[in-house]
Amino acid sequence: MPFSDGLHLVVKKDCPTCTLIEPVIRDMAAIGESLYVYIQDDLSFLGDLPVTSDDRSLEQSFHLDIETVPTIIRMEDGIEIERVVGWSQEDWQTFTGIEDIGKTLPPFQPGCGALNVSPGAEEVLQAKFGQVPMKSRTIEVSGYDDEIEQMFDRGWSDGLPVVPPTPERVLRMLAGTKRDPQEIVGRIPPNLTECTIEKVAINAVMAGCKPEYMPVVLASIDAALDPLFTLHGLLCTTCFSGPIIIVNGPIAKKIGMNWGINALGQGNRANSTIGRALQLIVRNVGGGIPGEIDRATLGNPGKIGFCFAEDETDPTWQPLSEDRGFEKGSNTVTLFPGDGVHGFADNRSRTPEELTNSFAMGLQGCIHPKLAEWVFAVLVLSPEHYATYKDAGWTRKKITDEIVKAGIKPGKDLIRGAHGVGEGIDPSRADEMVPKFYEDGLMIVRAGGPAGLFSGFLTSWTGAQKKGACAPITREIKI
Amino acid sequence: MNQILYDPTGETAPTKRVRQMPPASLDGKTVMLFDIGKSRADEFLDHIEVLLTDKGLTVARAAKPTNARTAPKEVMDRMVKEADVVVEALSD
């Protein structure tokens, strides 16, 4: 925006430094040099001067890139030559060339924060007066309409109200990543639509994310688009499942995620909205809509969004990220194609061997007690159950191996028709000893509140029944 | 005051394509039975193949390696090349 040659001064009444220099401003206005004074708040301050302009909209302040008031800028040929911030008698004297300027005032007094850089103002002003990097179609909702209802009507919601993706909110969300808004993160199934960082930000706003969640959301999309994650199959399956996001690393604490009490439940913003953002992207960008291509017989409430962090506070526990090949302290997401929480209680087992047998019995129920090598699973190991293993010095690897070993069953008990149940494995395996899971089919994540001998199982979708057809995927979160 | 919202969708307009009419007769046509990889789909399609063959039709078969993923391009290409009619269905 072009500014006239001369001096441009931005002030507000609610600034002791601005009011301190009021006599200086009045003297300068009387001298006759081209002076333009912009008032950010109250026009009773200097409003009587003919050189004063009302800048309560903050448009001029935005274009002049003001951070502190008072700020005085010299423009020549439409270009800024020099600026002085705050009050310094020496600097103002040099700047204006007026020998005695403000000689009765204190020699120095710092300024105050300008209103245009108040928290939240920057993006509002950027959207209103500046250039925005967004290229998505805009939709104007009448002031008489309810924008929440409009978004329901347009099919943008997962069934819960979504946050309106206004320009200022999307700009704030984009500040959560350094990546170019127009960078394409990949093609989202089922429609294989190109998805930009901008579209991610819009859907993250709608999900209720904060900008600092963006790196986690982006890493989740990256993992979901790995062909081995089979997102297309997962979103259209008749099974219960959806993408479950497990977060590791310092970022979990930094963005306030929950790995403790009610870790798999409601009540934590990051847990609740990161998974939701991914599912909204699948819906809105990819076109994965329940009842259309999403053919889930029952689904599960976690398909709104399912995300939690692993508890890494116990140094005896090797985090999932390290187990999956990442360096200690890495920030990662691990995506698991799974269903809802299958609760497990064991209040009586006191040795690791007893507890291992108990877990193996419980895990046998994943998808069906007589189906083996059909699914993989996550055991969400609670602190009290882990204590039994920890006291005995069992590591993640030992716990995993022993549970898998304890889950190997005689094929004759699992074949179709055995025990009066039609479902089961192929009768040709009657004489084999059959494991519940393929190799690497059991993943353990530590989470949960300090009290309660309860752990949880998450079962994968049945796309896992063909060995190697799909797998959990881990990606580094790039901040 | 009116509110501006950004469109969260892919903003893709579906391409309308004219649906190919089914042939008036299957005489001399090759019917491709496409196994999408769900369990027991092969058993079901075996029966269908017998029924169609008994009617004197030429039957070909194609299959996805797994129901977990979309069909590989080479499978799609082979069906386009070899089949006049494709029977594909969701199971469960």
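In the predicted model, helices α5(A) and α7(A) are oblique to each other, a description that follows from the angle of about 120 degrees at which α5 (residues 121–129) and α7 (residues 167–174) of chain A pack, because angles of 65 to 115 degrees count as roughly perpendicular and those over 145 as roughly antiparallel. The axes of these two helices are 8 Å apart, and α5(A) passes α7(A) in a right-handed crossing. On the α5(A) side the contact is formed by Glu123(A), Val124(A), Gln126(A) and Ala127(A), and on the α7(A) side by Pro167(A), Glu168(A), Leu171(A) and Arg172(A). Sorted by class, the residues of this contact comprise four nonpolar, one polar and three charged.

At the level of domains, the assignment for chain A gives domain 1, covering residues 6–129, and domain 2, covering residues 148–476. The C-alpha centres of the two domains of chain A lie 55 Å apart, and contact between them involves four residues of domain 1 and four residues of domain 2. The side of domain 1 of chain A that touches domain 2 of chain A is made up of two nonpolar residues, one polar residue and one charged residue.

A second pair of helices is formed by α9(A) and α12 (residues 269–286) of chain A, whose axes come within 9 Å and cross at roughly 50 degrees. The two helices, α9(A) and α12(A), are therefore likewise described as oblique to each other, and their crossing is right-handed. Val216(A), Val217(A), Ser220(A), Ile221(A) and Ala224(A) of α9(A) make this contact with Ile274(A), Ala277(A), Leu278(A) and Ile281(A) of α12(A). By class, the contact of α9(A) with α12(A) contains eight nonpolar residues and one polar residue, with no charged residues.

Ser220(A), one of the residues in that contact, lies in helix α9, which spans residues 214–224 of chain A. Ser220(A) counts as buried because it has 27 C-beta neighbours inside 10 Å, where 20 or more are required. When residues up to four places away in sequence are left out, Ser220(A) touches Ile245(A), Ile274(A), Leu278(A), Val333(A) and Leu335(A); Ile274(A) and Leu278(A) are among the α12(A) residues that take part in the contact with α9(A). By C-alpha positions, Ser220(A) and Ser428(A) are 40 Å apart in space, with a separation of 208 residues in sequence.

Technical notes:
Residues are numbered from 1 along each chain as its sequence is written. Chains are lettered from A and ligands numbered from 1 in the order in which they are written. This is a predicted model: local features need pLDDT of at least 70, side-chain atom pairs count only at pLDDT 80 or more; totals for chains, interfaces and linings use all residues. Helices (H or I, at least four residues) and strands (E, at least two) are DSSP runs, numbered from the N terminus. A residue is buried if 20 or more other C-beta atoms lie within 10 Å of its own, exposed if 12 or fewer, and partly exposed in between; C-beta atoms are placed from the backbone. Two residues are in contact if their C-beta atoms, placed from the backbone, lie within 7 Å. Domain bounds come from an automatic or database domain assignment. Ala, Val, Leu, Ile, Met, Phe, Trp, Tyr, Cys and Pro count as nonpolar, Asp, Glu, Lys and Arg as charged, and the others, Gly among them, as polar. Axes are lines fitted to C-alpha atoms, for helices over the stretch in contact, and angles run from 0 to 180 degrees between N-to-C directions. Angles under 35 degrees count as roughly parallel, over 145 as roughly antiparallel, 65 to 115 as roughly perpendicular and the rest as oblique. A crossing is left-handed if the near helix is turned anticlockwise from the far one by less than a right angle, and right-handed if clockwise.
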